[in-house]
Amino acid sequence: MNKKIGDVILDVRNISLNFGGVKALTDISFDVREHEIRAIIGPNGAGKSSMLNCINGVYAPQQGSIRFRGQTFTHMNSHQVAQMGVARTFQNLALFKGMSVLDNIMSGRNLKIKSNILWQALRIGPAEREEMVHRQAVEHIIDFLEIQAYRKTPVGQLPYGLQKRVDLGRALAMEPQVLLLDEPMAGMNVEEKQDMCRFVLDVNDEFGTTVVLIEHDMGVVMDISDRVVVLDYGKKIGDGTPDAVRSHPDVIKAYLGTSH
Amino acid sequence: MKPRSLVLAALALLSATTLTTSAWAQAKEQFFPLLSYRTGPYAPNGVPWANGKQDYIKLINARDGGINGVKLSFEECETGYATDRGVECYERLKSRPGVTLIDPQATGITFALTEKVTADKIPLITLGYGLSVAQDGMAFKWNFPLMGSYWTGADILIQHIGKKEGGLDKLKGKKIALVYHDSPFGKEPIPLLQERARMHGFELQMIPVTAPGVEQKAAWLQVRQSRPDFVLLWGWGVMNATALKEAQATGYPRDKMYGVWWAGAEPDVKDVGEGAKGYNALALNTSGQQPKVVQDILKHVHDKGQGTGPREEVGSVLYTRGLIIQMLSVEAVRRAQERFGKGKVMTGEQVRWGLENLALDQKRLDALGFSGVMRPLATSCADHMGSTWARVHTWDGAKWNFSSDFIEADEQILKPMVRAGADKYLADKKMTRRTPADCQS
Amino acid sequence: MAFFLETLFGGLMAGMLYSLVGLGFVLIFKASGVFNFAQGAMVLFAALAMARFAEWLPALTGLHNGALVALLAFALAAVLMGAVAWLVERLVLRHLVNQEGATLLMATLGIAYFLEGLGQALFGNDIYKIDIGMPKEPIFVLDSVFPGGVLINKEDLYAALIAALLVAALSLFFQKTSTGRALRAVADDHQAAQSIGIPLNRIWVIVWCVAGVVALVAGMIWGSKLGVQFSLATVALRALPVVILGGLTSVPGAILGGLIIGVGEKLSEVFLGPYVGGGIEIWFAYVLALGFLLVRPQGLFGEKIIDRV
Amino acid sequence: MFYRENGQFKTSYRADQQIFPIRQDRIAIALLLVLAFAVVPLLASDYLFRAILIPFLIIALAALGVNVLVGYCGQISLGSGAFMAVGAYGAYNFFVRIPGMPLITALILGGVCAMLFGMLFGLPSLRVKGLYLAVATLAAQFFSDWMFLRIKWFTNDSPSGSVSVNSLQVLGLPLEGAASKYWFCLSILVLMALLVKNLVRGAIGREWMAIRDMDVAAAVIGIRPMYAKLSAFAVSSFIIGIAGGLWGFVYLGAWEPAAFSVDQSFRLLFMVIIGGLGSVMGSFFGAAFIVVLPIALNQLLPWVGGWFGFAPSTTVVSHTELMVFGALIVWFLVVEPHGLAKLWSIGKQKMRLWPFPH
């Protein structure tokens, strides 16, 4: 991989989060550089998803701050985050079950739609033109993800692997600068995983999108990520290049030791 | 199926049924659409009322063979006291051949029909309920609030209370509470009571009860707090019995309570029994099986197994009111026939004239078997009420006994109010009063 | 002051009855996730049944001991409610397993219509009497403290006692009996319950039976207060704020909620009502509940929901 | 056979995104409109117009509004009756207080009142979900019941609190005859249906459905729950308000608050669930079902009784009506929990493949 890693775009500082008594995250800090692929690994319940939820503003951390492109936030608001160009896929598919593949991905463009409700009701002039423009963009994503055949199918009826793609597609539709992927390959067979890896790498190369990736499959992580954060029981126990992390004793104890 | 075509299928079905049903009523018969509610919250009061009307029709057919040979026919339609179902019933039955008039049996439906009957030229009779201002026949050509409105009722109650106190001037400084059904029905008497309060200087306290009135604790706590000298009960259905029970539970003396004629029937006090002892209510009519007409019904209808309801309920307060309503309707047709041709089926317009020219003196009432049941009544083009007299009766724990003689509502107070109200109505509607010439039509 | 106390008591008494109806909602929602709008219809149906049985029994059996007749009538009505419960499970619930809440809600409304029709068809639509010897005259307490004393509605007092007893019995049933524990298990997690071999359908029948009995008691109390007639079905609407305030899944919530609503609406009607023309209690109860919801969206005792993604 | 889309190739996204991509559907709709506008008025009797068609059209419009909120945005509401009432009384006040106020303007302004009222009582939806919200919206219902009984100003100081309108005109034409009223309601319904269809297949519709299906994910892709929910409440209650105005002005002519009771709210929610959540057509199915069925039963039962040689009394009929109605509702929910619209689309799928089984 010969791409230039830019400077820090997302900087997480001393994040602590707890539900009632349960400590989900304690004093987590790490940074993400532009154009890199940053992996967060750790055993189940290590707090990986909670970490993303904090970045997304789904959860409000009790302590710490998040610095994104020079602005510092103590609590992110989902809408803001999205506007600033952070997209996200979900661990256990959070697709809009009642809607078609097309609509699901189209909904990723909603931030970009300007025409007001009245125009939309009449569906003339700007409103319709906008629809067409965004439809075009979405069709590109559909082609890119090779799901043309399922355009009009309700996502509920798609096989798991394809749903994962739609999830990715919806995130891509936002044309994000930072893409948070929550176990994009969980529960996939080898071929599907390879496809998904390809998509992630392509996104990263073609659009230079920064990727923050949560993944269980060590192989995948080691192959595609530039740097890795290791969490265990809500604490950070390792951070660095795959090789550095791989050889880190705590990591071996906490993670590799326990995993298959 | 597309939605509307789906409906159309249903409609085809409906029209078929409506045709089959209307086949029952040949144009040679005087047809009475009977809107009733035999189910729902107000059924206990609605049923005897409806039975009375039906039995009288049956009586006329069985005993007299109709009106001058014109058989009477009827069809009942269940409204459940709901306005939209009432309108549906009206639309279903209004176009039957020989349709006579409508008694909606509900204030809400009356409002909705007031506009429609004018267009369809069908008289709307609302005996003792409906729009008080409709007494003014010059403004409301098609409405007939016969024998009394909420205004006359309220007025009579105040007069009666005044009498008991030894003169209306004695009401000065007294406190009278109006516990009313929170709906147009319950609110209608308020303007008149306010007028009376101004005149005699008593304090009027208004306590609404949310329909249907199953939960009145708060209302009666207020009564207990302010300890009014009298309570006027303007309820219908379950509200009345509940009110009496709450009164008992909060220790308010029942003999200081006065109900409107819709709060003075058996269903209202029956299961309160002793607890309602001493409670007073207005009465438009007697109850009991002594009157000749009731005897006739038992003889010609119930003994023949044609009775509508249970025999023992014949002659109850609301049943008898049903009889009167139907009797007046029949007499209106008879009167109309005198002018437009005996033995003919009268149209709505002709019946309207009949209603406007009713003249039932004591002799006539006796002949009809209604002696003692009600007072004589005479309507005119200007007065669609015919009589504003009523009595007060008191529950002794087992039956109703009259505790006053007939009292007439005070013209001096009512006339201007009715006139003003009617004028406002006409103004809102941008309509003009009828001309005397119009009375001849 | 005396009057304030009277209002307070009045509110508590009314509230106790609300809790009773609310309890019916909660029981069924806990165990089957159904928001049972038929509760009101069940109250009506049960009360009608009991009243009419009490009328018919003497004729049929020649019994004339009032108490005994009332007891028998109650038992028969309870059995009938059991049958209803069984039918509901058979014909409705088991065909609608894991549908959305709204669908189930509508189904129960269908049941409500059916019961209202059936009840009136079988038992008539007049006013009927339930006589369980409730005292009607009020008593006065604390007249040493306040002039005229504080009026307490004896009937309500007894009613509240009965309600309290029932609640106690129910909580015992839930805590102590194995069925009760099974019910709680089901309430917590259907799948889990099934996987450890608790037959869901039977639980549902049981819980609807219990709700039926609760409805019967509520109907009996209200019936002896107001007379048994169609309007009983409308008390359910008065009890709805109770369950959202108390939390759909919490029995103590239903009880406390009932009391809060009862007191709240009576105080509001009596002390605020006059300034705005009165008649505010019904919507005030809802607004009160709404106020609570805005602070605690899951109700007074409902479990907190955390969005997991 | 005849219901095929093969050979109908879309060459532009516009063509692909029209409301009825399949030609046969377009033809069917066109025919249907002709039928509704031209043929029905020729066939229908006065009774059908006044007692069934007009109420059906108005209620269908209200159901459409409810479906926007419940079906598309997933916010269960039992306040619809209140929104109708606000629409009706709002329109009434504009109509009688401002001389020369044209009917249509009054209705729209009434709709606006309902819209504001709806948004106000929609605020809890930002914090409360599902059935809790459903019950919470009942507050709107009981509050409006009270408001229109107590605050005299709303009812133009009529002593009883009931109001009435007459001599209605639309664009100078009198709105008296049954047929003209039918056309008026039908036109409004068709127009509204079109607007709603545009909304739900556009960006705002996707926002509503996103909130309905998975609100967290929706927030993460930048949809503001506040905006989505309140806009749904606004659009929904605006439409319901207009329906309320029509109900009062065109159907009843004179009304009291009880005309918009809580039962109305329940019936409307029924319609959208029986008809099909998130389906414009479903709203119409549902409305037809709930409006026509009881009346049909009420008239058919005596007829059926006739076959078996007995004439059931009104009492029996009305009780049987209740029972059959309730049973049918349950039955429909059991057969197709996703509503009549779902049956409809299944039927369409089968037609596509007919005569070959997939």
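In chain A, 11 residues of domain 1 are in contact with 8 residues of domain 2. I begin there because a residue pair counts as a contact when the C-beta atoms, placed from the backbone, lie within 7 Å. Please keep in mind that this is a predicted model.

H7(A) has the largest share, with 4 residues. Sorted by class, the domain 1 side that touches domain 2 in chain A has 8 nonpolar, 2 polar and 1 charged residues.

Now chain A as a whole. Its secondary structure comes to 10 helices and 10 strands. The C-alpha trace of chain A spans about 60 × 40 × 40 Å along its principal axes. A compact globule of 260 residues would have a radius of gyration near 18 Å, and chain A has 19 Å, so the two agree. Of the 260 residues in chain A, 45% are buried. Among contacts in chain A with a separation of 6 or more, 67% are between residues 24 or more positions apart.

Next, some strands of chain A. Strand E1 (residues 8-19) and strand E4 (residues 63-68) of chain A run antiparallel and are joined by 5 bridges. One pair to find on the screen is A:Val12 with its bridge partner A:Ile66 in E4(A). E4(A) also pairs with strand E5 (residues 71-73) of chain A, in the antiparallel sense, over 3 bridges. There, A:Ile66 has A:Phe73 in E5(A) as its bridge partner. The hairpin of E4(A) and E5(A) has 2 residues between the strands, and in this hairpin A:Arg69 takes a positive phi near 45°.

On to the contacts between chains. Which of the 5 pairs of chains that touch has the most contacts? That pair is chains B and D. This contact takes 46 residues from chain D and 45 residues from chain B. On the chain D side, the elements that each supply at least two residues include helix H2 (23-43), helix H3 (46-72) and helix H12 (280-307) of chain D. H12(D) has the largest share of that side, 11 residues. By class, the side of chain D that touches chain B divides into 29 nonpolar, 14 polar and 3 charged residues.

Chain C also touches chain B, with 31 residues from chain C and 31 residues from chain B. Among the elements of chain C that each supply at least two residues to this side are helix H1 (2-32), helix H8 (200-226) and H10. H1(C) gives the most, with 5 residues. The side of chain C that touches chain B has 10 nonpolar, 11 polar and 10 charged residues.

A word on H10 itself. Helix H10 (residues 251-272) of chain C has 22 residues, and at 1.5 Å a residue it should span 32 Å; its end C-alpha atoms are 30 Å apart, which agrees. H10(C) is mostly covered, with 19 of its 22 residues buried.

Last, a pair without contact. Chain A and chain B are joined by no contact, and their closest C-alpha atoms lie 23 Å apart.

How values were computed. Residues numbered from 1 in each chain as written. Chains lettered and ligands numbered in written order. Predicted model: local features only at pLDDT ≥ 70, side-chain atom pairs only at ≥ 80, totals over all residues. Contact = placed C-beta atoms within 7 Å. Nonpolar A, V, L, I, M, F, W, Y, C, P; charged D, E, K, R; others polar. Rg over C-alpha atoms; globule rule 2.2 N^0.38 Å. Buried ≥ 20, exposed ≤ 12 C-beta atoms within 10 Å, placed from the backbone. Expected span 1.5 Å × (residues − 1). Pairing = 2+ DSSP bridges.
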